[in-house]
Amino acid sequence: MRLLKLVPDDTNIDFMRWRNLALILSIVVTLASLALVAVRGLNLGIDFVGGQVVRTTFAQPVDIEQLRGRVAALGVGDASIQAFGDDRTYQIRLPKPDGPDAAANQVVTKVRAFVAAEYPGAVVSAGESVSGKVSEELAQDGALAILFAMLGIAMYIWFRFEWQFGVGALVTLFHDVAMMLGFFSITQLQVDLNVVAAFLAIVGYSLNDTVVIYDRIRENLRKYRKMAIIPLLNLSLNETLSRTLVTSLSIMIALAVLMVLGPDVIFGLTIAILLGTFIGTYSSIYISAPILVWLGVTPDSFLREPEMEGVPGAA
Amino acid sequence: MLDFPKWKIWAVMLPILIGILLAIPSMMPASEAAKLPSWMPDARINLGLDLAGGSHLLLEADALDAAKQRLQSKEEEVTTDLRRGDPKIDIGDVSTAGGRLSFMVRDSTQVDAAVERLRALSQPVGLSGSRDWDVRVVDTNRIELVPTKDGDARALKDAMTVARDVVRRRIDPQGTKETTVINQGERRILVQVPGVEDPEALKALIGQTARLEFKLVDLEADQNLVAQGRAPVGSQVLPMIDGGNIAVKRRVMVSGDQLVDARQSFDQNGAPAISFKFNNAGAKRFARVTQENVGKPFAIILDNQVLSAPNIQTPILGGAGEITGNFTVESANSLAVSLASGKLPVKLNVMEERTISAELGADSIRKGIIASIVATLAVIGWMVVTYGRFGVYASIALLINALLILGIMAVFNATLTLPGIAGFVLTIGAAVDANVLINERIREEVRRGRKVMDALETGYKEASTAIFDANITNTIAAALMFYFGSGPIRGFAVVLMIGIVTSVFTAVNFTRMLVALWVRKARPRALYV
């Protein structure tokens, strides 16, 4: 049996040749993403803006317009109704009612009663209600989790490598998160707590990729002390290219399966991680590596710390 | 590389065997797991509500109500102590306006004695030496009790502990259900009840403070003033449940604290009612007051609302009674449970509510399991096609890794949620990364012309640095996620953290052992990787 080799042994792609083009592309897309978020906004779920959601599976397919009319007649506010999976399952989302928080979940109660009365055989499979106060806290916690994860990681890389690498990792992460936000703004896929978990997974994955490449760059900087930085980066990227592709593909295979066969509820989470894997692979080649050139990394960057050579736990 | 002595094999195999053993109970249905022999571990992974179905409620104490209730009970304490104590101090014009308790001491020579008695009643709070109430004299014979900040904080803390127990008793009177009722932060209680699909009954149970009081009706009050909401001295105006106001004496005859039992019953007309029983002290007091007031009406007050105001026909000596009102069987039942479990020391508002039906949860589990299995198989196929023998080793490591994650989660009684399943699938994808790094490195070293042993040795050694750094950074990310995140983020982070540890162990140590054993036996001349 011949083993599959995605990358031929003598591959030598001049990645760095396109680094300026890639940079311009990345800057444009990042700015466009941020502008999109600012103008078009994100479709924030009730986790982050408060409100109520009732998910119902009806006995027969229902006419969505008729359902919309009937819910509107309840006087519980401006409802948005969305098909969820098949034509019998709908998600009815209601805004956060004015007034005290105690009143918030009474609307869900009302909608539940309405569904039971008007559509015999319908099953309310989920009902959620989040008050304004709690949603603010959840949004804050989510943002803090992402922010501190990014900072903590950048600091570790600074400590293990050099400050240029820390900055490179941080910029890469910022780039990835901005692009993901842009994606959620364009598609208007709902951003809920699950999606924040996805963002964190992307941060983790993109970093994993970046660290592997940085590790090789560090190794080559020590090995080929006379080589110029650009060929050295190219060499490192080519040496790790096969690994980058094999790993990215394994993760994408796993996620694609989850997206097709997994529960509907985490579709948003899965698609975010899948896309994030793609962006993360790109950015670890075209953002985190060339940044080292611009920040002036040379073989001398590692001269001072020979004691960092050994790795705890390595047998 | 060849150097893999017996003890090292055990050091690798023992944790794996234990991990697999721990994972077994979680992989079978609960009924089957119960039949396992007793030497088997019995800890199972908890399923989150999103998978098991059930209700999740986040309750928050109403701080205004907490202060109000604190003031009310202070009023009772103070009036009882001064009027009953020795010497008896006569007070009047009691008011709780402005968040403070204020009253007049009728005999101005007793003011100092009263202040001393009240100071003795107050409690020190914390180490700063401050007390829970400030006692001060205003206008020579008027005394004011002002709640201190420390006192309020302490009272809220105590109230939340009591409230948690009361909520637990109400939801699960027999203590048999797998409910979670825990305090969260300073003012919140998290309630999770698996299996409940209609949260309304749950909310009806928690929504009532169930503060029951019996007070005499003030018959001398001017009906016009009462209608405007103004009460004569020593009385207060309360709303009636069927509309209108009524004036009742401030003094409490008996309160719900002295109930020993309450259950739903029917009155003589067959309408739902609640029958109750007082403890000894309560029964005695109720008997004495009803004896003294035959022919007069008394008010039955629930959460500051008058349910009814019947006349006392004959003294009620047995300490038992019945409450009627506009009840349905359900509402009478939930009130009876609420009364029997004691009053909530503070009103609780529902801040967040999530209910997932068991079918939806079961559907998610089924799809999640299928997706996990298919994803694992797909990744295994991919590994074998890419790395041949070394891909098989990586795949065995992958399967063991999955079992170890389950086993460790079971030991720690961790909760598996939907995002957790996603984390699981992601870990499976990422777990191969360590093997990919190692195998790619071995390929590289072979290409550079190293001999078999040398290539393997260097491959494992050089790949370790990258594996180490990559996993540490992921651990940092997961730990921060867990610390700052909430709900789903935490569920994800837990699986990720466990997965990082187990994947490094299986992908590095375990495959290294497999490779060493193979090399020792087959003595390959060339590596086919």
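## Confidence

Chain A has an average pLDDT of 83, and 92% of its residues score at least 70; these values belong to a predicted model. Among the elements of chain A, the lowest mean pLDDT, 78, falls to α4(A), while helix α1 (residues 19-39) of chain A has the highest, 93. Over residues 305-315 of chain A the pLDDT stays under 50, and for this segment the model has eight contacts beyond four places in sequence. Where pLDDT is low, predicted coordinates should not be read in detail.

For chain B the average pLDDT is 86, with 99% of the residues scoring at least 70. Within chain B, the element with the lowest mean pLDDT is helix α2 (residues 30-33), at 78, and the one with the highest is helix α12 (residues 389-411), at 92. The model as a whole scores ipTM 0.82 and pTM 0.76.

## Domains

In chain A, the domain assignment gives domain 1 (15-43 + 135-303) and domain 2 (51-130). The centres of domain 1 of chain A and domain 2 of chain A, taken over C-alpha atoms, are separated by 39 Å.

Chain B is assigned domain 1 (6-51 + 358-522), domain 2 (55-60 + 153-354) and domain 3 (64-147). Between the centres of domain 1 of chain B and domain 3 of chain B, again taken over C-alpha atoms, the separation is 65 Å.

## The contact between the chains

To the contact, chain A gives 68 residues and chain B gives 64 residues. On the side of chain A that touches chain B, the elements giving two or more residues are α4 (106-118), β5 (123-130), α5 (132-160), α7 (193-223), α8 (229-261) and α9 (267-286) of chain A. Sorted by class, that side of chain A has 42 nonpolar, 17 polar and nine charged residues.

Helix α14 (residues 452-484) of chain B has 33 residues, and from its first C-alpha to its last it reaches 48 Å, close to the 48 Å expected at 1.5 Å a residue.

Key:
Residues are numbered from 1 along each chain as its sequence is written. Chains are lettered from A and ligands numbered from 1 in the order in which they are written. This is a predicted model: local features need pLDDT of at least 70, side-chain atom pairs count only at pLDDT 80 or more; totals for chains, interfaces and linings use all residues. Two residues are in contact if their C-beta atoms, placed from the backbone, lie within 7 Å. Helices (H or I, at least four residues) and strands (E, at least two) are DSSP runs, numbered from the N terminus. Ala, Val, Leu, Ile, Met, Phe, Trp, Tyr, Cys and Pro count as nonpolar, Asp, Glu, Lys and Arg as charged, and the others, Gly among them, as polar. The expected span of a helix is 1.5 Å times one less than its number of residues. Domain bounds come from an automatic or database domain assignment. pLDDT is the predictor's confidence in each residue, from 0 to 100.
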